[in-house]
Amino acid sequence: MSETSNLSAALAEAPMARRGIAFPVTLALVAVAGALVPGHIGSALLLTLLTQATIGAVLATSVGILIRQNGLVSFGHAAFFGGAAYIVALAAQSGIVSAEVVVVAAVLVPVVVAFAVAFVMLRVSGVAFSMLTLAVAEALHELMMRWRELANGEDGLPVRLPSTLFGLPIATFQRPETMFVVCWIVLMALIAVLWVLSRSHLGTLTLAIQDNEERARFIGYETLVPRAIVFALSAGIAAMGGVLFALYNGFVTPDVLHWSLSGEALVMAIIGGARTLWGPALGAVVFFFLRDAAGSYTEHWQALIGIVLITVTVALPMGLSGAIVLLASRIKGGRNG
Amino acid sequence: MLIQILNGLVYGGLLYILSVGLVLIFGLRRVVNFAHGALFMVGAYIGYAANMVLGFWAAVACSILVLSVLGVALDRLVFRPLQKEEPMVTVLVTFGILLVLEDVVRTIWGRDLLSFPTPVALSGTVALGDTSFPVYRLFVVAVAVLVAAGLSLWLKTSRAGLYVRASSVDPLTTGMQGVDTERLSALVVGMGSALAGLSGVVAAPLLALSPSMGSSILIESFIVVVTGGLGSFTGAFVAALVIGQLHNLGVVYLPHIASMIPLILMVAVLIWRPNGIVRT
């Protein structure tokens, strides 16, 4: 236990000091470069894949931030992702409020629910927390499957939207060449916000609590509320992914609540490495391209991803991003990892 | 009403056999086996295959045998090498194993639902007042009672049982007292896995077999284990009985929100006692 956390602490610290300005600059450059991508890609198939990967990246980022700041592994983030997608579908169907309000509510409701639920879920140990996230999410999935009158059960719901949303024509959110840019901007903005937060008092406090809760409490900090805030934040990010999914896909089924989606998000975060803010997003891109490349083997995709998960967990615990950071610092002639 | 309570007892019994396997493994290795539901599923499929050639009783024996070997392998190849890592590493690896096992079973037996015939010797019903109840379901309850009695006898009277109890309270100190926890773990994980196989094969005639059949019962056994208190044998017993009843009553009377009812109980218990019903 101590070995791995020492290693990860060293990984987190080493680049931190030098990265004061480098990170936001790099992020801005990547953001602009990404936004220009659709102009240079003719293939609609590739753009569709990129759009899906970016929505997956938002979900993976939400799972990653929970690992990074709270040290907690969620097997149930599909609940927030799918929950938000269902809120969009159900509220747009009723047509009582404007679509803009629906979109905002679809993010805020999971945040509030997560904040409340956190006070129960965070009382248990790390492993028990993982078990609970799986149980809660699966209960929600069952609820949506069984309660046909509420959300049409297994058959799912179409998402009915007005012709414009936030002043943009609705087609912006449905065509991959524009939707990719929307999702990309959301993803980059989220990573930027998380970067600021992780350097804030809340960010360092939650890391301290993760390290030794007893000690943090002894110094006089309330340890439940900061962790609940991180959990709610993570839920909100997953919910944003769900909103993007609902807008882009135009249809929601209980699959968006299924544990396999939570599992996939977790696998993306682990492959990319949750010690960095951008790792899970990288993991998502790798995940989607790997699935695409698997081609005729997609029948055995599940086993393949299981093997990748086991291999990365055992052989590369800091994930791809951790390896990149380590490699970069070696090339620069920095200290050895 | 009596019938409903009996049905709840049947499900509670299955949940107990599965959950107590998780508790055994947690006690020795301090990790939660996310592949436990997949072991349940593999047990059911192995039973299905053996049942066609050898009959029901041999199928039960086959399942237990294969799964105990699988359990020992799991302990030697996964839990032991990862013991020095954070518990979460093992959780992720067992989750990966779950994905692989489901795929393997899907490749061998296909995606379609299979049905496991009720054994002839246990078919039929018994009269209970003015209604009747299937013999097979009573058999499931009897198996659960036998497992509970046998396990508690073993834990209370045998030397290995004493070590297991000691180890589930404090594995480190138990090791320092000279108990070979490595050997004990192989035995206990083998047993836990065999119990998952037993619950799978015994449940098979009551359920439709599919590669994903393990996930919903795994989730309920997680609720059982967390509600009962991680690592508590008595807690798992009590929680499995209560959740078995709630699950069944929920399915009958409140089908829409049935899946939420055990969770509500669990939330209530966790607010009242964060470490579960029975403190360890």
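1. In this predicted model, helix α13 of chain A (residues 301-315) packs against α4(B) with the two axes 7 Å apart and an angle of about 160° between them. Because angles over 145 degrees count as roughly antiparallel, α13(A) and α4(B) are classed as roughly antiparallel to each other. The crossing of α13(A) past α4(B) is left-handed.

2. On the α13(A) side, the residues making this contact include A:Ile305, A:Ile307, A:Leu309, A:Ile310 and A:Val314. Among those contributed by α4(B) are B:Leu92, B:Val93, B:Phe95, B:Ile97 and B:Leu99, together with B:Glu102 and B:Asp103. By class, the contact of α13(A) with α4(B) comprises 14 nonpolar, 4 polar and 2 charged residues.

3. As regards the contact between the chains, chain B supplies 34 residues and chain A supplies 34 residues. On the side of chain B that touches chain A, two or more residues come from each of α4 (87-109), α9 (213-228) and α11 (261-272). Helix α4(B) provides the largest share of that side, 14 residues. The side of chain B facing chain A divides into 26 nonpolar, 4 polar and 4 charged residues.

4. A further helix pair lies within chain B. The axes of α1 (residues 2-29) and α8 (residues 181-203) of chain B come within 8 Å and cross at roughly 165°; α1(B) is therefore roughly antiparallel to α8(B). Their crossing is left-handed. The residues of the contact of α1(B) with α8(B) are 17 nonpolar, 6 polar and 1 charged.

Note on methods:
Residues are numbered from 1 along each chain as its sequence is written. Chains are lettered from A and ligands numbered from 1 in the order in which they are written. This is a predicted model: local features need pLDDT of at least 70, side-chain atom pairs count only at pLDDT 80 or more; totals for chains, interfaces and linings use all residues. Axes are lines fitted to C-alpha atoms, for helices over the stretch in contact, and angles run from 0 to 180 degrees between N-to-C directions. Helices (H or I, at least four residues) and strands (E, at least two) are DSSP runs, numbered from the N terminus. Angles under 35 degrees count as roughly parallel, over 145 as roughly antiparallel, 65 to 115 as roughly perpendicular and the rest as oblique. A crossing is left-handed if the near helix is turned anticlockwise from the far one by less than a right angle, and right-handed if clockwise. Ala, Val, Leu, Ile, Met, Phe, Trp, Tyr, Cys and Pro count as nonpolar, Asp, Glu, Lys and Arg as charged, and the others, Gly among them, as polar. Two residues are in contact if their C-beta atoms, placed from the backbone, lie within 7 Å.
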